[in-house]
Amino acid sequence: MADTRVRIMKDGPIKVETDGTLKITDHDGTVVPHREGRAVFLCRCGGSKTKPFCDGTHSKIGFAGAEAAVTAADSSE
Ligand code: FES
């Protein structure tokens with residue numbers, strides 16, 4: 001069984017890497033091609049010109065990820 005890891009990068013993309021095959025599809029199920037055997041970085045800032053992939057724009061627009069805020073909100077419940 002393949003090991004797949006998903007990592008939310010600080011103020012940046014979501015990194016997905018697997019020891020197996022990674023299949024990315026759009027909302028219609030159409031396969032989104034990507035380079036095999038490499039980590040994939042998915043944009044979560046909305047600014048990439050190569051969506052769904054990160055193109056580095058997050059650093060130019062000063063994107064601030066919300067994961068720290070979510071963690072803080074969860075701990076106050
Ligand atoms: S997260 Fe990198 S361009 Fe959006």
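Colleague: What makes C54 partly exposed in this model?

Modeller: In this predicted model, C54 has a relative accessible area of 24%, and because partly exposed covers the range between under 20% for buried and over 50% for exposed, C54 is placed in that middle class. The residue sits in the loop between β3 and α1, the helix of residues 57–61.

Colleague: Which residues is C54 in contact with, leaving aside its neighbours within four places in sequence?

Modeller: With those neighbours left aside, C54 is in contact with P13, F41, L42, C43 and S48, where a contact requires heavy atoms within 4.5 Å. I14 is 40 residues from C54 in sequence, while the C-alpha atoms of the two are 8.6 Å apart in space.

Colleague: Why does T30 count as partly exposed?

Modeller: T30 has 45% relative accessibility, and since exposed means over 50% and buried means under 20%, T30 therefore counts as partly exposed. T30 lies in the loop between β2 and β3, and apart from its neighbours within four places in sequence it is in contact with I24 and T25.

Colleague: Why is D11 called partly exposed, and what is its phi?

Modeller: D11 is at 27% relative accessibility, so it counts as partly exposed, the limits again being 20% and 50%. Its phi is positive, about 50 degrees, although D11 is not a glycine. D11 is found in the loop between β1 and β2, and these two strands form a hairpin with five residues between them.

Colleague: How do you know that β1 and β2 pair, and in which sense?

Modeller: Pairing asks for at least two bridges between the strands, and β1 and β2 have five, in the antiparallel sense. Within this pairing, T4 stands opposite T18 in β2.

Colleague: How many bridges join β2 and β3, and which residue is the bridge partner of K15?

Modeller: Strand β2, residues 14–18, and β3 pair over three bridges, also in the antiparallel sense, and against the requirement of at least two bridges they therefore count as paired. The bridge partner of K15 is F41 in β3.

Colleague: What makes β1 and β3 the edge strands?

Modeller: The open sheet of three strands has the order β1-β2-β3 with antiparallel pairing, and β1 (4–8) and β3 (40–42) each pair on one side only. Neighbouring strands of this sheet are turned by 20 degrees against each other on average, direction ignored. Read along the sequence, the protein follows the pattern β-β-β-α-α.

Colleague: Which residues make up the largest nonpolar core, and why can they be called a core?

Modeller: The six residues are V16, L22, I24, V32, V40 and F53; they qualify because a nonpolar core is a set of buried residues of listed nonpolar types, joined through side-chain atoms within 4.5 Å. In soluble globular proteins, nonpolar side chains tend to be buried together. V32, leaving aside its neighbours within four places in sequence, is in contact with I24, T25, D26, P52 and F53.

Colleague: What is the form of the peptide bond from K51 to P52?

Modeller: That bond is cis, with omega near 15 degrees, and P52 has its place in the loop between β3 and α1.

Colleague: How much of the protein counts as buried, and how much area does the protein expose?

Modeller: Of the 77 residues, 19% count as buried, each having under 20% relative accessible area. The protein exposes about 5,700 Å², of which carbon and sulfur atoms supply 54%.

Note on methods:
Residues are numbered from 1 along each chain as its sequence is written. This is a predicted model: local features need pLDDT of at least 70, side-chain atom pairs count only at pLDDT 80 or more; totals for chains, interfaces and linings use all residues. Side-chain values use heavy atoms; hydrogens and water are left out. Helices (H or I, at least four residues) and strands (E, at least two) are DSSP runs, numbered from the N terminus. Axes are lines fitted to C-alpha atoms, for helices over the stretch in contact, and angles run from 0 to 180 degrees between N-to-C directions. Buried means under 20% relative accessible area, exposed over 50%, partly exposed in between (1.4 Å probe, protein chains only). Accessible areas come from the Shrake-Rupley method with a 1.4 Å probe; for residues, only the protein chains shown count as cover.
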